Amino acid sequence: MRKIILCVAVSFDGFIEGPKGEIDWIVFDSEGGSELTDFIQEIDTVLYGRISYEMWGNYALTDSSSEFEKSFYGALAKMDRYVFSKSKDEFDGDPTVVKSDIAELVKKLKQKPGKNIWLYGGASLITTFMNLNLVDEYRIAVMPVIIGQGKPLFREIKNRHKLRLMDVKPSTAGVLGITYEAVR
């Protein structure tokens with residue numbers, strides 16, 4: 001059965017973006033690019049919150065885009081993309097818009113043949129998925145920076161979630177890749 005994988009970068013103090021939405025503190029190097037390239041080979045579906053999709057889900061490539069961007073975002077654009085939104089019915093790039101019955105949709109997606117499913121985020125969608133106990137695996141890239149304030153990765157989680165450590169990978173840039181699976 002397919003898995004829902006939360007794959008996200010976080011500051012050492014637990015934020016996924018700074019107080020103004022900035023992500024300039026994320027360390028990105030060839031190792032990180034290689035990890036992401038390997039990761040997208042494992043998935044064929046991406047789940048976005050409205051804001052995350054509007055920022056990154058229909059990323060406009062240009063002639064000056066890097067080869068990594070062309071490869072990475074080009075691959076994502078060909079995948080099944082779902083946007084969870086209560087306020088909008090349509091988005092550029094024609095993703096499937098989800099307004100309700102999240103648990104039922106996820107159950108159906110996981111039973112379909114295919115690769116794993118990336119829970120891209122944002123924070124509100126991550127909270128919803130966790131509160132519905134829908135996340136199967138957590139891949140967290142802990143960045144070597146303390147930003148002090150911003151949007152936390154985990155907030156308003158209603159229940160305890162027990163995890164089993166699967167892997168830890170340090171990078172030469174100081175990023176710590178941690179993989180946990182949900183214990184149910």
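Predicted model: local features only at pLDDT ≥ 70, side-chain atom pairs only at ≥ 80, totals over all residues.
Rings of Phe, Tyr and Trp (for Trp, the six-membered ring) are taken to pair if their centres lie within 6.5 Å; planes under 30 degrees apart count as stacked, over 60 as edge-to-face and the rest as tilted. Residues are numbered from 1 along each chain as its sequence is written, and side-chain values use heavy atoms, with hydrogens and water left out.

By the ring criterion, F39, Y48, Y53, W56, Y59, F68, F72, Y73, F91, W118 and Y120 are linked into a cluster. Eleven aromatic pairs are found in a search of the whole structure. Accessibility is classed as buried under 20% relative accessible area, exposed over 50% and partly exposed in between (1.4 Å probe, protein chains only). W56 is partly exposed at 25%, and Y59 is partly exposed at 29%.

Secondary structure elements are DSSP runs numbered from the N terminus (helices, H or I, at least four residues; strands, E, at least two), and two strands pair if DSSP finds at least two bridges between them. An open sheet of mixed pairing is formed by eight strands in the order β5-β4-β3-β6-β1-β7-β10-β9. Its edges are β5 (96–98) and β9 (163–170), each of which pairs on one side only. From one strand to the next, the twist averages 25°, with axes fitted as lines to C-alpha atoms (for helices over the stretch in contact) and angles running from 0 to 180 degrees between N-to-C directions. Within the sheet, β7 (residues 137–143) and β10 (residues 176–182) are antiparallel partners over six bridges; R139 stands opposite T179 in β10. Helix α2 (residues 50–57) packs on the sheet and touches β3 (43–49), β4 (80–84) and β6 (116–121), contact meaning heavy atoms within 4.5 Å. The direction of α2 makes about 120° with that of β3.

Several backbone features lie in loops. The peptide bond joining G121 and G122 is cis, with omega about 20°, and G122 is placed in the loop between β6 and α5 (123–131). D94, a residue other than glycine, has a positive phi near 55°. This residue, D94, is found in the loop between β4 and β5 and is exposed, with a relative accessible area of 69%. D101 is not a glycine either, and its phi is positive at about 55°. D101 belongs to the loop between β5 and α4 (102–111) and counts as exposed at 59% relative accessibility.
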